[in-house]
Structure formats: structure tokens, C-alpha cells
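Subject: The structure, and what was found in it

Dear colleague,

Please find the structure below, with some notes to read beside it.

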Amino acid sequence: MLAAPGEVWAALTLDAPGTSWRRGEAAVVAVDVDGGARQEVILANGEEPTEYLRALGRLPAGPHTLRLRIPQGLPLSAGRPVTVGSVRTGCVDDADPAAAVWRHAPVIHYRALNGPLDSLTSDAPLVLFYRLESRAGGAALEYHLIYSHEDAGTDLTGLLAAWGHTVDIEWVFRVTLDPGGRAIDEEFQGPAHATLRFGGGRTMGGHPVLQVATLNGMVTDVVRCPYRAALAPACAQPECEPREGVLQRYPWIYRVSALEVLRQVPLEADPSPASEAAADLRSYVFLQWKRVPGPGPHGANLPLEAGVRVRGAWYTSAWGRPELAFAGPDAESTAVKVPAGTTEADVTGIALRSFDPPAQPVDVRLVRAFFLDGEYRPRTPFAGGAACRLTRREPRRVAWERP
């Protein structure tokens, strides 16, 4: 029963016994309200109970019925049993400060380039987060989508070195709001990373409709696949953290992405930090940084390489190759391959180097450093909060040392 109209959501704790994303198996649950607009939840985290957060659209005040069922029209998922652990629902009414964030969140139609529903086995959309930026005369609201991996674009070595993750994170929809909160412009990120004006349809009470259109997570406003997800705008990008800070809020994403990597990518059999070949993800130290804003654009685009000292020896994220640097406003994370068996206690220092000595001093803060555990979830960070200043005279600095 809704006391007032608003944007309704459901948090569904679900698992699919006997399924595994590593084997390319996933159950699907179809969700609708009052028999209306339907969406599908892909249980990418398999038999592990996981809370999947979904938007149900704008609904009027009064009683409503939420229905969950197993669709029979998808051969790869038909008949897979699903356990419903709990169902939580809520409503964001028009007076809520977050109302605009929910009102403009896009509904994403799954990818269907190699079959009726590619996302059932690869590059599944998992979480939607947002940025809200104040601007003169209004604000910009931008939605970013986290996929389980990417089937095209940067290879795994590049993903780890330049981005510090194995998922794909793409902005998909941007709306510009006037001072009164009215949408005055809408854009999406189309194929080849083109920014295009949105002219597509609406659903679930006015939400824009987008279609995943490429193997690397770009979208279009022309729908081709009937299956879709209304991912709730789960959170804002954490303040003073890189985009990857969102992943820490949903650690199960690391596990899903790692299982997809194990299924799709040949990995080095005997991981060696001297080799650039991608290895088991538990062989890396993951580092998340944040550039401190400064004058001019150079600091935001500075090509950086991280180093990790293990028992007196230094290992780097880019092997000295500028093309593997992390550079750009959203490239603030990386991963460093270290010797097999390395633990938190073995890491005695973390450094940062700029391939291009900065014209002006650039301050960079280490947000967190961590390993993945045996199940590919992030372990408790062992370092964070330290900062260093890179200058023309000192383009390499140690940011953190073990006390």
C-alpha cells in the first residue's frame, strides 16, 4: 500500500541452487507490478544469496501487487529453480531530495547481438550508480552502469593496469536539469563512445529506455531485445573516491566478474610478476587512488604507474610502458601483479610515478590497497589514506610505507 505516489523499488534476495557463473549458468526471475511492465533479473551470482536492487517505476498511491515468476521462454535458464530469501520494498516520494535521481534512471534492455539474450552468460549489467554535479543554472545527473566484464575493447592486462578492475564501467545516460529540476537536455553514450541526443521511448512512468548495443557496453535508444532490467540507482559515486569505490559497496561484483574471466580468458598458468600476461586475480594488489583537484586539466590526465614493494623488490602496474598507464579523470585505479603467495604483511611500500613530469604539482591520495580472497571478494584493505605530491623534480614518490 502506497500512501502517496512515487518511485517504487524492491530489494530481492535471490539465489539459484546448482548454478555457477563460471560455467555460464544463470537463472532468471521475471518481475512485474500489477501485471504491468515486466523486467528480468539475471542471477549472475548463482547459488550465493544476493540482494538484487530493482526499480519498479512510478506508481500511484494505493495497493499494488509485486509478482515474481520464472520465465519459460529462455532456453538457457528455463526451469532453473530460484530461492527467494527476502523481499523488501520502498518508495521515494516527490518530496525526497533523491526523487530526481530515481525519476530519470534509465531502463536498460539487455544485449542481444549473438543470441536472444547475450547478457545471460556474458557482460551482464549488475549495478547502476550516479553522479550529480551542480552547474551554473542547474545540475547534471549522470548514470553509470557496471557490467560483469566486456567482450571487446581493452584486454585483461590493460583492464588491470589502466583501470584496476575486470568489470566494464560506462556512463550510459546524462540529463541536464534547470534550477527547478526540469529536464532540459538528455544524452546517452552511443557506439564508438559518441555522445548522442536521446530520442527514445519511455516506460514505467516516464523512465528513458536504452538498449545495450555493442560488445563494450555502449547503448542506443532503439530497442532490439525484449528483455530488460530496471536497475535501481543504487548509490552515488562515493565522495573523494574513484568510481571503483562503488565496487567496494557490492563486493559480490568482484566474484561474478572473476568467474567470468576464468571462463573466458586464458590465464598465465604459473603467475610471474615479470610477465605482462594476465594471471589469476588473486595474484594482484588492487590500488584505488584519487587525484586531488588542482588548477588546469593536466593533473586529471597525468599518465601514472603504481609500484608495490614486496620483501625489498619493487613491482609495477605498467611494467614501464606508458600505454598501460592509468590516465584520465576516471582512470584512478590499477592493479600490480606480485609474487605468488604474497600477503598483506609482505607489502612494505606503495609508490606512484608519472610518466610525464607534471608542469604543476599534482597531489594524489591512496584510497585503499587490498587483495582478493580465495572466493575473489575484496579482503580488508591494508593501506589507505596516505598521499603524495608529484612534481617536475620528483615525478616518483613513495605514498605509503609500512610503519
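How do the residues of the lining of the second largest pocket divide into nonpolar, polar and charged? There are 5 nonpolar, 7 polar and 5 charged residues in that lining, where Ala, Val, Leu, Ile, Met, Phe, Trp, Tyr, Cys and Pro count as nonpolar, Asp, Glu, Lys and Arg as charged, and the others, Gly among them, as polar.

Before going further, please keep in mind that this is a predicted model, in which local features need pLDDT of at least 70 and side-chain atom pairs count only at pLDDT 80 or more, while totals for chains, interfaces and linings use all residues. Residues are numbered from 1 along each chain as its sequence is written, and side-chain values use heavy atoms, with hydrogens and water left out.

The pocket and the cavities

The second largest pocket holds about 290 Å³ of space, and of the 17 residues that line it, the closest to its centre are Trp163, Asp168, Ile169, Glu170 and His193. Helix H2 (156–163) and strand S10 (168–177) are the elements that give two or more residues to this lining, and S10 gives the most, with 4 residues. Helices (H or I, at least four residues) and strands (E, at least two) are DSSP runs, numbered from the N terminus.

On a 1 Å grid over the protein atoms alone, a pocket is an open set of points with protein on both sides within 12 Å along at least five of seven lines, whereas a cavity is a set of points where a 1.4 Å probe fits but cannot get out; lining residues have an atom within 4 Å of a point. Grid points are joined across faces, edges and corners, and a volume is the space filled by probe spheres set on the points.

The structure holds 5 cavities of 30 Å³ or more, and the largest cavity has a volume of about 40 Å³. Its lining includes Thr157, Tyr284, Trp319 and Lys337, with H2 and strand S21 (333–337) each giving two or more residues. By class, this lining has 6 nonpolar, 3 polar and 1 charged residues.

Aspartate 123

Aspartate 123 lies in the loop between strand S7 (107–109) and strand S8 (125–135), and this residue is buried, with a relative accessible area of 4% (buried means under 20%, exposed over 50%, partly exposed in between, with a 1.4 Å probe and protein chains only). The side chain of aspartate 123 makes a polar contact with the side chain of arginine 111 (3.0 Å); such a contact is a pair of N or O atoms within 3.5 Å, and within protein one must be able to donate a hydrogen and the other to accept it, while residues adjacent in sequence count only if both atoms are side-chain atoms.

The cysteines and tyrosine 376

A search of the whole structure finds 0 disulfides, a disulfide being a pair of cysteine sulfur atoms within 2.5 Å. For cysteine 235, the nearest cysteine sulfur, that of cysteine 240, is 15 Å away. Cysteine 235 is buried, at 17% relative accessible area, whereas cysteine 240 is partly exposed, at 47%.

Most residues other than glycine have a negative phi. Cysteine 240, however, has a positive phi of about 65°, and tyrosine 376 has a positive phi of about 70°. Tyrosine 376 is buried at 8% relative accessibility, in the loop between strand S23 (362–370) and strand S24 (387–390).

With best wishes
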